[in-house]
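Visitor: I have a structure to look at and some questions about it. Can we walk through it together?

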Amino acid sequence: MHPTEKPQAPPALTTDRRSILAAGLFGMAGLPAAANASAFQRARGFTHNVASGEPAANSVLLWTRFRPASGEPAMLRFEVSDAIDFARVVSSGEVEASPDRDWCVKAIASGLSPNRWYYFRFIAPDGAMSPFGRTRTLPQGGIDKWRMAVFACSNLGFGWFNAYAHAAEAGDFDCVLHTGDYIYEYPQGTYPSPSQTQNGRVLDPAHEIVALADYRMRYAAYRSDPDLQRIHQLFPMIPVPDDHEFTNDPWKDGAQNHQPETEGSWEVRKATALRVYREWMPISDALWESYQIGDLVTLFRIETRITARDKQFSYSELLSGLEPGPEWDAKLSAFRDGKWRDASRTLLGSEQESWLSGGMAASVRSGRKWQVLLQQVIMAELYADPSLAENIPAEASEFISSRLRNRALVANQGLPLNMDAWDGYPAARERLLNSARDADANLVVLTGDTHNAWASELGGAGIEFAGQSVTSPGMENSLGWIPPDQLARSLVSNSEQLKWVNTHQRGYMVLELTPQRATSEWRFMETIRQRTTTLAGTHRVSSELGSQRLTV
């Protein structure tokens, strides 16, 4: 087998619930919908398949979850091989499964060769074996192509994870990225509502997750999905958390969906959510990190939600009690020219800003062609179309109607669409983009959060590819009376940096990087309401190296 040739895929687990639970070996692994809480508590053995992440040229992080029948901590052996029959073990070691980390284990397999596919497995003290996974190391030196599947916003209740399933079948990439909202914190029946909830997609626990046991149970429920398990089993994943891994719209000192009077300390909840994220995800404890992919790419994963982010501005709070008119306009104008442009406001904080600026400069000096940023929220400038507030149907909710009217009025004042994105922190964004310009970087920003697909130019400093969601609804959920093509045209015509958008289809994107160009292909699933890997279509946008422009 050639070192870079994709090897045979490990077999998928059975999805027959009765046989799995009867055997007791895989616990909830492979169940087609979230298992209930009692099944999770009863599960023993290797309960959630395997995963890998943190790829480097000579090492990779391996993950599994093992709960012994005895309930006592147990030492697991991990093995890595370059052959599917494990005839030759090239790296091995031991790691403890304990209740302190919810029985999740992470081990670093070292001494590996660059740019190679490997198989791995875990072995319990009694000889029981985990399913085996497939992973790969990053290349060193010259390479002519690297491909990454990019996922975002996978709300279990809205439908099936067909994007994961399609990517696992296609397999035409080297690693997997996730831009966040890997889970959602809401109670059953809130988002999605009961009428929107896909039959069979039941959450554990049913209430909003706040405590340590809640977050662990929610990850266990999500990770019982067979398509999510499969993508983890086949490819190393590099993820970043967005807001719903914590709770909706957080900042360093609080969150929109956290009420201290009933839910306790924000610092405790934040630390709890981060702890469980680190337990269940194949990732190191570093809040930000970089990855060197041969002489082609430096990939930076960053954190924009909980470390240093200042509180988001809110148009509704700013304009509370006012009706459109002179006072309204004056307040918006003063805000636009004052607080909105405050140079001290930050998403990253000074430490992370300095690290990223230095990292981009070092990447360019090393001769790497592309500097890729894996992050959470839209960086491009986006503006509402004031005409969208016209002809709102009577059946539209008051929330949507008032929101559209407000967005139309702020757009007329030159203010952006979304204050929870980089648009709410224009000085911080300009610092980052100036760092890219000063370094002469070829910046590619990868983004999630909005549930829609976007392609934008960043004012001569780089480009942005934003991925649509796996299941979470896009603008079609709130602006369904507007034909998607019309909505796309209105957004592009009112936002100079935006060159293309799709607001109504779920799926994922694949980024291909070569020494000459960066190309994003958005893959749109036919449906999420039934399990299928059929595509409805694709769309490709490219950028030539050094151009900082898109060919749509």
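Guide: Start with a definition: buried means under 20% relative accessible area, exposed means over 50%, and partly exposed lies in between, with a 1.4 Å probe and protein chains only. This is a predicted model, where local features need pLDDT of at least 70, side-chain atom pairs count only at pLDDT 80 or more, and totals for chains, interfaces and linings use all residues. Residues are numbered from 1 along each chain as its sequence is written, and side-chain values use heavy atoms, without hydrogens and water.

Visitor: Which residues of α12 are buried?
Guide: Helices (H or I, at least four residues) and strands (E, at least two) are DSSP runs, numbered from the N terminus. Helix α12 covers residues 426–439. Its buried residues are P426, A427, A428, R429, L432, L433, S435, A436 and A439.

Visitor: What covers the buried residues of α12?
Guide: Look for contact, meaning heavy atoms within 4.5 Å. The cover includes α10 (349–365), β15 (370–374) and β16 (443–447).

Visitor: How far apart are the end C-alpha atoms of α12?
Guide: The expected span of a helix is 1.5 Å times one less than its number of residues. For the 14 residues of α12 that should be 20 Å. The model agrees: the end C-alpha atoms are apart by 20 Å.

Visitor: Which residue caps the N-terminal end of α7?
Guide: Look for a polar contact: a pair of N or O atoms within 3.5 Å; within protein, one must be able to donate a hydrogen and the other to accept it, and residues adjacent in sequence count only if both atoms are side-chain atoms. Here a side-chain oxygen lies 3.2 Å from the backbone nitrogen of E267. That oxygen belongs to S265.

Visitor: Which residue is the bridge partner of T447 in β18?
Guide: Two strands pair if DSSP finds at least two bridges between them. β16 and β18 pair in the parallel sense over 5 bridges. In β18, T447 is partnered by A466.

Visitor: And which residue of β18 is the bridge partner of A455?
Guide: Strand β17 (residues 453–457) runs antiparallel to β18, joined by 4 bridges. The partner of A455 is F465.

Visitor: Which element gives the most to the largest nonpolar core?
Guide: A nonpolar core is a set of buried Ala, Val, Leu, Ile, Met, Phe, Trp, Tyr and Cys residues joined through side-chain atoms within 4.5 Å. The largest has 46 residues, and F151, F173, V176, Y219 and I231 touch the most other members. With 6 residues, the element giving the most to this core is α7.

Visitor: How many aromatic pairs are found in the whole structure?
Guide: Rings of Phe, Tyr and Trp (its six-membered ring) pair if their centres lie within 6.5 Å; planes under 30 degrees apart count as stacked, over 60 as edge-to-face and the rest as tilted. A search of the whole structure gives a count of 19.

Visitor: Which kind of pair do F158 and Y191 make?
Guide: F158 is buried, at 6% relative accessible area, whereas Y191 is partly exposed, at 23%. Their ring centres are 4.9 Å apart and their planes lie at 75°, so the pair is edge-to-face.
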